[in-house]
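Dear colleague,

I am passing on the structure below, followed by an account of what was found in it. Please read the notes with the coordinates open beside them.

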Amino acid sequence: MRMVFRMMSRCNLAIVYTQGFNPHPKVSFSPALAIGVTGEQEYFDFHTSKEYTTDELTRAFEPLFIEGLVLKSIRELRDREKDIQPIGDEILVEFPEELTDRIADKLQIFDNKDTFPFTIFKKGGERMYDLKRVIIRIE
């Protein structure tokens with residue numbers, strides 16, 4: 001987090017800051033990873049008081065990334081989007097061989113479908129997703 005805050009202060013863009021005793025850039029990060037899980041594609045969103053093209057943002061941020069970190073993409077959030085969802089992230093799940101044999105036909109059914117809707121229920125209501133947009137391929 002600190003690294004992102006430092007990049008924001010050095011990028012010479014009109015970044016929106018929080019109000020209060022210790023203002024910092026208004027940034028939302030991707031959900032935390034589980035203990036022992038290594039992230040290879042993390043994301044965050046931020047607010048600016050001026051409109052920028054994605055090319056302008058890329059030129060402002062790329063020189064600020066430390067060695068080993070790569071800026072893969074920048075996209076504008078639409079007005080109604082609360083936060084971004086990773087698109088095209090790769091997650092590798094390895095099943096034990098005895099389980100793979102039992103679920104192979106179910107994985108094939110999933111792979112052959114165009115959509116696979118599912119619902120997440122939370123205190124504030126429910127939200128529909130398409131699992132086929134999350135899982136790109138099954139090998």
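Met8 touches Ile15, Tyr17, Pro25, Val27, Phe44, Phe46 and Phe61, when residues up to four places away in sequence are not counted; please bear in mind that this, like everything that follows, comes from a predicted model. Met8 also belongs to the largest nonpolar core, which has twelve residues in all and includes Val4, Met7, Cys11, Leu13, Ile15, Val27, Tyr52 and Phe65 as well as Leu57, Ala60 and Phe61. Two or more residues of this core come from each of helix 1 (2–10) and helix 2 (54–61).

In helix 2, the buried residues are Leu57, Ala60 and Phe61, and because they cover an arc of only 85° around the axis, they lie on the same side of helix 2. Helix 1 and strand 2 (44–46) are among the elements that cover these buried residues, whereas the face of helix 2 turned away from its buried side carries Asp55 and Arg59, which are exposed.

Helix 3, which comprises the 16 residues 97–112, spans 22 Å from its first C-alpha to its last, close to the 22 Å expected at 1.5 Å a residue, and a bend of about 55° is found in helix 3 at Ile103.

Strand 3 (residues 117–122) and strand 4 (residues 125–130) run antiparallel and are joined by six bridges, one of which pairs Pro117 with Asp130; the two strands form a hairpin with two residues between them. Of the six residues of strand 3, zero are buried, so this strand lies largely in the open.

Best regards

Key. Residues numbered from 1 in each chain as written. Predicted model: local features only at pLDDT ≥ 70, side-chain atom pairs only at ≥ 80, totals over all residues. Heavy atoms only, no water. Helix = DSSP H or I, 4+ residues; strand = E, 2+ residues; numbered from the N terminus. Expected span 1.5 Å × (residues − 1). Bend = angle between axes of the 7 residues up to and from the residue. Core = buried A, V, L, I, M, F, W, Y, C linked by side-chain atoms within 4.5 Å. Buried < 20%, exposed > 50% of the residue type's maximum accessible area, 1.4 Å probe, protein only. Contact = heavy atoms within 4.5 Å. Pairing = 2+ DSSP bridges. Arc of directions from axis to C-beta.
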